[in-house]
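Let's take a walk through this one, with an eye on rings, charges and surface. Keep the viewer open as you read.

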Amino acid sequence: MASQTQQIENPAPPTLGYPTEVYERRHFNENNGALNIYFRKLATVLGSLFGPRGGRFMNAPYGAFQSTVDQTAAAANTAYAMTLNTTDYANGVSVASNSRITVADAGIWNLQWSGQFENPDSQDHDVRVWLKINGTVVTGSTGFFAVPSKHGSVNGHALVGWNYFLSLNATNYVELWWETDSTQVSIQNYAASGNYPSTASLIATMTFVSNIT
């Protein structure tokens, strides 16, 4: 397997000698040679970085997290924070207090999430999901959907998700909140079975998009 780490050499600035009081061609040649080597290395780095696949050398902040437990609503029409208990990948992003997706750097961020909802009732039930930043609700962030009812002996299921672009300052945190009109609805984790692997109840990724202009 190829290494996941790809590096380009960061050329160190050359150490140039101080000029003598009287012009010396040797001194000029030494400094000119050092500068020539430095700029050649720098041109190689920039050529790699701005080439067709130069993005593979970029080290942008990111985080990928999931929940491996069931999440339930103790009461209907009551807000609960969605929780994450597993870190898959992290670079400048972390989860605090089980629900707070926290960024180390200011910028525009892309938060993507998906939840595996289950409804064992004989009628459809509604769910709302929204965001809070640093404990304050984000206007316009609520998504509204229905989880289908049980059909035969099979519970109703809905894999729901979407993404947000968010402007965040360093150390800001984002939370996903949800409520449902029935305590029958839950966000479910499923064990592996047969030919397919396990299902996380919740997945969330945070990706750095741009600095704030």
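A quick cut-off before we start: a residue is called buried under 20% relative accessible area, exposed over 50%, and partly exposed in between. Keep in mind that this is a predicted model. Now try leucine 16, which sits in the segment before α1 (25-49). With 37% relative accessibility, leucine 16 falls in the middle class, so it counts as partly exposed.

Phenylalanine 39 is partly exposed because its relative accessibility is 48%.

From here we can move on to the aromatics. How many aromatic pairs does the structure hold? There are seven aromatic pairs in it. One of them joins phenylalanine 39 to tyrosine 38: the ring centres are 5.3 Å apart and the planes meet at 65°, so the pair is edge-to-face, given that planes over 60 degrees apart get that label. Tyrosine 38 comes in at 19% relative accessibility, so it counts as buried.

Another edge-to-face pair is formed by phenylalanine 145 and tryptophan 162, with 6.2 Å from centre to centre and 75° between the planes. This pair links distant parts of the chain: phenylalanine 145 belongs to strand β10 (residues 143-147) and tryptophan 162 to strand β11 (residues 156-168), with the two residues 17 apart. Is phenylalanine 145 buried or exposed? Its relative accessibility is 12%, so phenylalanine 145 counts as buried. Tryptophan 162, at 25%, counts as partly exposed. Both rings also belong to one aromatic cluster, made up of Trp113, Phe117, Phe145, Trp162 and Trp178.

Rings also turn up with charges over them. The charged end of arginine 128 sits over the ring of phenylalanine 144, 4.0 Å from the ring's centre.

One more stop is arginine 56, in the loop between α1 and β1 (62-67). Its relative accessibility of 42% is why arginine 56 counts as partly exposed. Arginine 56 and glutamine 7 are 49 residues apart along the chain, while their C-alpha atoms are separated by 9.0 Å.

Conventions:
Residues are numbered from 1 along each chain as its sequence is written. This is a predicted model: local features need pLDDT of at least 70, side-chain atom pairs count only at pLDDT 80 or more; totals for chains, interfaces and linings use all residues. Side-chain values use heavy atoms; hydrogens and water are left out. Rings of Phe, Tyr and Trp (its six-membered ring) pair if their centres lie within 6.5 Å; planes under 30 degrees apart count as stacked, over 60 as edge-to-face and the rest as tilted. Buried means under 20% relative accessible area, exposed over 50%, partly exposed in between (1.4 Å probe, protein chains only). Helices (H or I, at least four residues) and strands (E, at least two) are DSSP runs, numbered from the N terminus. A charge sits over a ring if NZ of Lys or CZ of Arg is within 6 Å of the ring centre and within 35 degrees of the ring normal.
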